Amino acid sequence: MQKVTKLVHIGVHEHGVSVMTELETNGGNIALEFEPAMLETMIADLIAALSRPEYRKTQSTMGVVAAAEPRRSRVGPDASGKAVLLSFQMPSGLEHHFALPTQEATRIAHQMQRAATAQKAANRDRAH
């Protein structure tokens, strides 16, 4: 197994349908081409792996910031009026953007408000 040491290049293939990457490994550079569906599945699987408790615990003891803790977030309507844009900026500066259908965005907003209120109350209770 080769260990990836650096992302050399990433871009959209000239035909505009797939993503091309070049990775530096301990065995030399390799080029990979991903179709969008495969790339989306791989990203979801990577996020799931980084979210596993055993990974987060190990990273925490090593002083590594968890991958799922954004530095900033933004919300706004999209140009079509059919969705709400939700963006997260990671500590590295990388931004992730999501277009949520309006009803889903409303549902999530209510859930977030309830969770934030509960967390504030729990923090107040712990302080006393």
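Author: At 49% relative accessibility, arginine 74 counts as partly exposed. This is a predicted model, in which local features need pLDDT of at least 70 and side-chain atom pairs count only at pLDDT 80 or more, while totals for chains, interfaces and linings use all residues. Residues are numbered from 1 along each chain as its sequence is written, and side-chain values use heavy atoms, with hydrogens and water left out.

Reader: Why is arginine 74 called partly exposed?

Author: Buried means under 20% relative accessible area and exposed means over 50%, with partly exposed in between (1.4 Å probe, protein chains only). Arginine 74 has 49%, and is therefore partly exposed.

Reader: What makes glutamate 95 and arginine 74 a salt bridge?

Author: The term requires a side-chain nitrogen of Lys or Arg within 4 Å of a carboxyl oxygen of Asp or Glu. The closest N and O atoms of this pair are 2.9 Å apart, so the pair qualifies.

Reader: Where in the chain do the two partners lie?

Author: Glutamate 95 is in strand β6 (residues 95–101) and arginine 74 in strand β4 (residues 72–77), 21 residues apart. Helices (H or I, at least four residues) and strands (E, at least two) are DSSP runs, numbered from the N terminus.

Reader: How many salt bridges does a search of the whole structure find?

Author: The search finds two. Glutamate 104 and arginine 107 also meet in a salt bridge, at 2.5 Å, N to O. They are three residues apart in helix α3 (residues 102–127), and therefore separated by about one helical turn.
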